[in-house]
Amino acid sequence: MIAFLGQGRMGAPMARRLVAAGHKLTTWRRSGGVPVATAVDGADLVITMLSDPAAVREVLTAALPGLRPGATVVEMSTIGPEAVGELRALLPPEVGLVDAPVLGSVGPAAEGTLTVLAGGDVRGCLEVLAVFGSVRECGPLGSGAAMKLAVMSALVPAQVLLAETFAYGEAHGVDRGALIDVLSGTPLGVLAERLRVPSEQTRYSLAHATKDLELGAWDGATMATAARARLQEARAAGLGEHDLTAIAAHLGGGPHRAVPLNLSTVPATNGMYSHAVRVGDMLYVSGQAAFDEHGNIVGEGSMEAQAEHVFQVIARILADQGASFGDIAFIRTYLTDMEDRVAYGRVRRKYITGTAPASTTVEVSKLFMPGLLLEVDLIVALPR
């Protein structure tokens, strides 16, 4: 029996392939209401196809009570070789582990034409893996995960490079169709054609491409790191669930297009402003105040509590763009009572150390919500 622990666009067609091949299958997904340990109980093979390393660790930890000795976990998500090593340490010694991420998207998953990159001892699961497509045995445990990230570290930046090429052409009056026609006669032709018209169907989401580069852009990988920053910007602009080809339209306005940024980790705005706007290598951060996701004031009556909340929110905005407090060029603070500047300064110095940025602090009679004691906005020079 096979237990398939999957979610997202790839999981359903892969599970259907197993059923069509005659395998007895139990499935699990987060919204199904069945405990993971129950879903894997008695299974010979447990296949995981999840979003990221954290999700795989969480699900397999919950599955541990149900894993029988002698079972094999086949990890097919894209999580990287380090995470595969962590899974090996997590699982009991009597439970086998194979890493087998795939190359291909929703269409090949439904057709059984994926490329499976397998690491570890695949003798007990080779027949099952072949249901999904061609199997390439890459070597010891973790080698399939490493191969997947190595491949994506070339393919994804190449698509971002072409999107920037289109933006350059547009800024200089070059017709995009003509540019793609010329590129079609080069080794980049296949990717250029893919970007000609962004896909309406999400085959490989921009969010997953970003995650893959976040895992694979090692120190010194200049092109992958730059492409990762472009994709993070597009993800923050709300394109995460679009197909990766949406990066071409996102960059279509040229390198200095204003890109609004609204993070899911920051309480939502009222729709009248964005938390930040990126223009090239500059980030303009709207006034941040101490309220939570329900619109309630945090730390009412306490300057230190409100300032701490504000700087934590700013930290999340900066980190999303690969920046830190040392990249702040200008900070402006509005206080409802200048007598609170000492308490505010104690918190600010915890976050802004070293040489201070340009700064203005002013007292105002009131802020947009009664009970708020301060608001802080920023101009940030982003790292290249």
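Q: Contact means heavy atoms within 4.5 Å. A helix is a DSSP run of H or I with at least four residues, a strand is a run of E with at least two, and both are numbered from the N terminus. Which residues in H9 meet Gly177, Ile180, Asp181 and Leu183 in H8?
A: This is a predicted model: local features need pLDDT of at least 70, side-chain atom pairs count only at pLDDT 80 or more, and totals for chains, interfaces and linings use all residues. Residues are numbered from 1 along each chain as its sequence is written, and side-chain values use heavy atoms, leaving out hydrogens and water. On the H9 side, the meeting residues are Gly189, Ala192, Glu193 and Arg196.

Q: How many nonpolar, polar and charged residues are in the contact of H8 with H9?
A: Ala, Val, Leu, Ile, Met, Phe, Trp, Tyr, Cys and Pro count as nonpolar, Asp, Glu, Lys and Arg as charged, and the others, Gly among them, as polar. By these classes, the contact of H8 with H9 holds 3 nonpolar, 2 polar and 3 charged.

Q: Are H8 and H9 roughly parallel or roughly antiparallel?
A: Axes are lines fitted to C-alpha atoms, for helices over the stretch in contact, and angles run from 0 to 180 degrees between N-to-C directions. Under 35 degrees is roughly parallel, over 145 roughly antiparallel, 65 to 115 roughly perpendicular, and the rest oblique. The axes of H8 (residues 176–183) and H9 (residues 189–196) come within 8 Å and cross at roughly 155°. The two helices are therefore roughly antiparallel.

Q: What term describes H7 relative to H10?
A: The axes of H7 (residues 143–171) and H10 (residues 206–216) come within 9 Å. They cross at roughly 125°. That makes H7, relative to H10, oblique.

Q: Which residues of H10 make the contact with H7?
A: H7 contributes Leu149, Met152, Ser153, Val156 and Pro157. H10 contributes Ala209, Asp212, Leu213, Leu215 and Gly216.

Q: How many nonpolar residues does the contact of H7 with H10 have?
A: The contact has 2 polar and 1 charged residues. Its nonpolar count is 7.

Q: Which residues does Glu214 contact beyond its neighbours within four places in sequence?
A: Glu214 sits in helix H10. Buried means under 20% relative accessible area, exposed over 50%, and partly exposed in between (1.4 Å probe, protein chains only). Glu214 counts as partly exposed because its relative accessibility is 33%. Its contacts beyond those neighbours are Arg228, Gln232 and Arg235.

Q: How far apart are the C-alpha atoms of Glu214 and Arg228?
A: Along the chain, Glu214 and Arg228 are 14 residues apart. Their C-alpha atoms are separated by 6.7 Å.

Q: Is Asp41 buried or exposed?
A: Asp41 lies in the loop between helix H2 (36–40) and strand S3 (45–49). Beyond its neighbours within four places in sequence, Asp41 is in contact with Met1 and Gly66. Its relative accessible area is 53%, so Asp41 is exposed.

Q: Which strands are included in what covers the buried residues of H14?
A: The buried residues of H14 (residues 341–351) are Ala343, Tyr344, Gly345, Val347, Arg348 and Tyr351. Their cover includes helix H13 (303–320). It also includes strands S12 (328–335), S13 (358–363) and S14 (374–381).

Q: What percentage of the protein chain's residues are buried?
A: The protein chain has 14 helices and 14 strands. Its C-alpha atoms fill a box of roughly 75 × 55 × 35 Å along the principal axes. Of its 384 residues, the buried share is 46%.
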